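Thank you all for coming. I would like to walk through one model this morning, and I will give the cut-offs as the terms come up.

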Amino acid sequence: MQPLTADEIRRSFINSSKSLVKAMTLPPKFAELPWESLDYLGWRDPKAPNRAYLVVRRNDGVTGIALNTQATGKPRRGTGLCDLCHTAHQVTDVALFAARRAGAAGREGNTVGTYICADLACSLYLRGLRELEVPQGETTSPEERAERLNNRLEGFVNRVLA
Ligand SMILES: [Zn+2]
């Protein structure tokens, strides 16, 4: 993706209060991100690890979504799949994230839930740029997988906007 500026990121959020955006911490080493290998920018807030952010360039501009995740405290075993990139992980490396819906629905407490790679590094996993602990049954090319990821992202953003 084309690199984003800190300003673009802060202005992009569709489901977040101004105070939350103000409190947001940008990704560590923001200037050194591997933009050319990213389909979206996703990160956990270094100061509030239950908070995460996902920012994507779309046809009509930059869209940011604030996410929340809760640790269940229950021991979990086995493997899990990311809903966005379909990478298989140890179940603890996939997290259930909730996004508040945009607008009135969100103010009434409606959320959209989805399982995403816990570190939001989908783009790096599907390109083989970050190591995986679980064998993958995937034989599709990275380009094809990136295209599918982008389609699923668009679907997710539309659910938050709807
Ligand atoms: Zn993923």
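Let me begin with a definition: a residue is called buried if its relative accessible area is under 20%, exposed if over 50%, and partly exposed in between, with a 1.4 Å probe and protein chains only. Please keep in mind that this is a predicted model, in which local features need pLDDT of at least 70 and side-chain atom pairs count only at pLDDT 80 or more, while totals for chains, interfaces and linings use all residues. Residues are numbered from 1 along each chain as its sequence is written, and side-chain values use heavy atoms, with hydrogens and water left out.

By that definition, 43% of the 162 residues of the chain are buried. The chain has five helices and seven strands, arranged along the sequence as α-α-β-β-β-β-β-β-α-β-α-α; here helices (H or I, at least four residues) and strands (E, at least two) are DSSP runs, numbered from the N terminus.

Turning to the aromatic residues, Trp43 and Tyr53 are both buried. The structure holds three aromatic pairs, where rings of Phe, Tyr and Trp (its six-membered ring) pair if their centres lie within 6.5 Å, and planes under 30 degrees apart count as stacked, over 60 as edge-to-face and the rest as tilted. Phe30 and Trp35 form an edge-to-face pair, because their ring centres are 6.1 Å apart and their planes stand at 90°, and both of these residues are buried. The pair of Trp43 and Tyr53 is tilted, with 5.0 Å from centre to centre and 40° between the planes. Since Trp43 belongs to strand β1 (residues 41-45) and Tyr53 to strand β2 (residues 48-58), this pair ties together parts that are ten residues apart in sequence. Together with Phe13, Trp43 and Tyr53 make up one aromatic cluster.

Cys82 is buried at 0% relative accessibility, and Cys85 is buried at 2%.
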